[in-house]
Amino acid sequence: MAEEKFKAEQTDTSSEEDLIEVKPEGKYLQAMDNVLPQNITILPLIQRPAFPGIALPMTFSGKEQVQALKQAVEEDEGYVGLVFAQEFNEEDYTESDLYDVGTLFQVIRTNQIAPNTIQVLGRGVTRFQKKKVLLVKPRLRWEVQYYSEPKEKPDPDLKAYMMAISSDIKELLKLNPLFQEQVNMVVSQLNYEAPGLTMDIISNLLSSDSEQLQELLETFNLEARAKLLLLMIKEELEIAKIQQRISQQIDEKVNKQQKEFFLREQLKAIKKELGMEKEEGQTEIEKIEQKLADKELPEEAMKTVEQELDKLRVLNVQSPEFNVTRNYLETIADLPWGVYSEDNNDIKKARAVLDRDHYGLEEVKERILEFLSTIIKRGTVSGSIICLVGPPGVGKTSVGRSVANALGREFFRFSLGGMRDEAEIKGHRRTYIGALPGKLIQALKRLGTSNPVIMLDEIDKIGASFRGDPASALLEVLDPEQNSTFLDHYLDIHYDLSKVLFITTANQLDTIPGPLLDRMEVIRLAGYIMDEKVQIAKQYLLPKQLKEHGFGEDEIQISDEALKEIIENYAREAGVRNLEKHIRKIIRKATLKLAENEEVKFHVAKEDVEELLGKPIFNTEQLYNEPKPGVSLGLAYTSLGGATIYIEANGVRSKSPSFKQTGQLGDVMRESSEIAYSYVRSLVSEMEEHSDYFDNHSIHLHVPAGATPKDGPSAGITMALALYSLAAGQSVRNDVAMTGELTLTGKVLPIGGVKEKTIAARRVGIHNLILPLDNRKDFEELPGYLREGINVHYADYFSDVLEVAFAEKAAPVA
């Protein structure tokens, strides 16, 4: 850059005493070859360039640099060249990429502070420009050309620039007092006779970018340098103003806060002198004591409270321990110690509440009324925990709420689904920041009574993790022998939960731990048949949705046939939640039509259902219209209720017989299929016509709906019948469904879910069922409307199954 700006021309070299005159950009500068050394040692600067005219402290590190500096002090009278490095090479400073223009620096004093680190004090003498490199190793030496400032007086333009610089630098000093003494000295002596020196001193104090400062160093023309310096000072001035504005804003905010603090302290002191205010913390203590005055705390709890109150009285209100202790005492004071709501003792009223809120569920209502009557008789919870088990949407949660209404108690529900931290049940210990009591204590605190109805929803979906096992924590809660002294980790004092009526809900019992299930009384909600769903829709769901959408009872009507169409083809599950969604969808569409046509009434007939809800979701569960060898129809019980399930068997002629199963079968069901295969193979081997069928065929057993996991032993006779039908080449009647576990000897064992499976059979129009003989009592206990029209055939051995499955017509009910 400097080489492009200035071309030095030597006019007279007759004597070393003569001065060399050069013309940089029209101004005359003189080179001082007769005073200063032409060859100098070069040291790189890393952070910023140095300017002539001011004494500066410097620090150099590195063995080579320290040695080079010492040699320069000894050989060159302390003169070294300081050049700013574009890129500094830390391993070898002589390989650094340096600018061509630097500052001659004369060392005045040195101080070696470490073996490879030296501090020096010196002054910048003048600018120089590199002519050529003389030496690189072991130290960097250049031949240089020096430039001195012109002797003539500055012209008016330069004088104007200097006056502007002087004005701006004075304003900058008001905002930023850094190096104020040095600059003040220069500014006070400023007579514009030495503008170059003045600008160099000011340049040394600027905090501009290193590249800008290097450009300023390389600008030899005084007017151009003054212009560039003025721009840089103005940038510094703008930055200083922004800094001052930010500082003022912070100071104002701090001063306001300090003022408010002092005023509050003075007001507090005045009130205290006048007796208008008590000591800090005393008010909180009195509030806690007032709350506790009306509570009946046990001796253990009262002793703990007194200890904590004594500690609270001596704690400083600013102490974190004060807030922790206060929160703990407030939690204890807010609990309903000895507070109980009065139970409704009228069992007839309780029955009326259950009948009002739920249609059907007679067995469930009867079981619940038995519990309630025991509670009313004893005046306390009988000791058993109710567990409502059934598919989604059958009304488990609403039954729990109805129980609370029937007893006249408060109701609280929280879900255990996905819970993995036992602290949710038993609370956090107070050693943790943000510790809280468990959900049960929080529920009692919120309800304000010690005998509410608390529903623990989705208990079959509780989890476990490294934070503990919530199911194990529930053992204490649900055990009548233990929950009278329930210990929450946060309270660390016993609380009586024996008056609380706990109701749990689950979709299935398989995932509930055995010890936990042992503490509960199971009540099953099997689901609803079509007639029940129709009545529930008419009496509960439709009026509820009409009210939510702002309609009167007569404005939208849905016929019974339309409801049956919805139930059969769109909402076939055991519960009514999906049915309610479809009714809501119909009402929304009706709302739009009424808004567009401005009609006042809307009637939904069976023919309108497909237009409003789209194509049916369920067409039929019946895959085969005609009987086919190797196919049998079974009954299954899932978390969604009962369902029908086909079993298919096929054989491929093979020299090496084999047996495989598909359809996402679980371990139990896979073992059941192995038992069926072994039994049927032994049975067929005794037949005259097909005795070698399994010896010449590879058998493939499949259960359709392969994406759905399946498990359980109740499909044993169904799989065995499919295999026997395949081997015998006989088709099983397509109007019969069956369920039952099979043993290797052909014995048919009892199964569960008879009610759910009977409902599933009715739903698809199957009226002939094969059930294990030991399940006779379960079927006979079903309500009459479920048993009506169903032909049941009880099987004790597999031979009984064969008699019904291949008969031309079903025998009457035994």
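Entry 1, strand S4. I looked up strand S4 (residues 55-61) and found a covered face made of Leu 56, Met 58 and Phe 60, and an uncovered one made of Ala 55, Pro 57, Thr 59 and Ser 61. The model is predicted, so I note that local features need pLDDT of at least 70, side-chain atom pairs count only at pLDDT 80 or more, and totals for chains, interfaces and linings use all residues. Residues are numbered from 1 along each chain as its sequence is written, and side-chain values use heavy atoms, with hydrogens and water left out. Helices (H or I, at least four residues) and strands (E, at least two) are DSSP runs, numbered from the N terminus. S4 runs antiparallel to strand S8 (residues 117-135), with seven bridges joining them; strands pair if DSSP finds at least two bridges between them.

I checked the length of helix H9 (residues 299-314): its 16 residues reach 24 Å from first C-alpha to last, close to the 22 Å expected at 1.5 Å a residue. The expected span is 1.5 Å times one less than the number of residues. The buried residues of H9 are Ala 301, Thr 304, Val 305, Glu 308, Leu 309 and Leu 312. They cover an arc of only 135° around the axis, which puts them on the same side of H9; the arc is that of the directions from the helix axis to the C-beta atoms. An α-helix has 3.6 residues a turn, so residues three or four places apart point the same way. On the other side of H9, Glu 299, Lys 303 and Val 314 are exposed. I use buried for under 20% relative accessible area, exposed for over 50%, and partly exposed for in between (1.4 Å probe, protein chains only).

I ran the length check on helix H23 (residues 716-728), where 13 residues should span 18 Å, and the end C-alpha atoms are 18 Å apart, which agrees. H23 is mostly covered, with 13 of its 13 residues buried. Just after H23, Gly 729 takes a positive phi of about 70°.

I searched the whole structure and got 31 salt bridges, each a side-chain nitrogen of Lys or Arg within 4 Å of a carboxyl oxygen of Asp or Glu. In one of them, Arg 409 pairs with Asp 343, the closest N and O atoms being 2.8 Å apart. Arg 409 is in the loop between helix H13 (396-407) and strand S11 (411-415), and Asp 343 in the loop between helix H10 (320-334) and helix H11 (347-357), 66 residues apart. Both Arg 409 and Asp 343 are buried.

I then looked at Glu 476 and Lys 426, whose side chains meet in a salt bridge (2.8 Å, N to O). Glu 476 lies in helix H16 (residues 470-478) and Lys 426 in helix H14 (residues 423-426), so the pair ties together parts that are 50 residues apart in sequence. Glu 476 and Lys 426 are both buried.

Lys 747 forms a salt bridge with Asp 796, with the closest N and O atoms 2.4 Å apart. Is Lys 747 buried or partly exposed? Lys 747 counts as partly exposed, at 23% relative accessibility, and Asp 796 counts as partly exposed at 22%.
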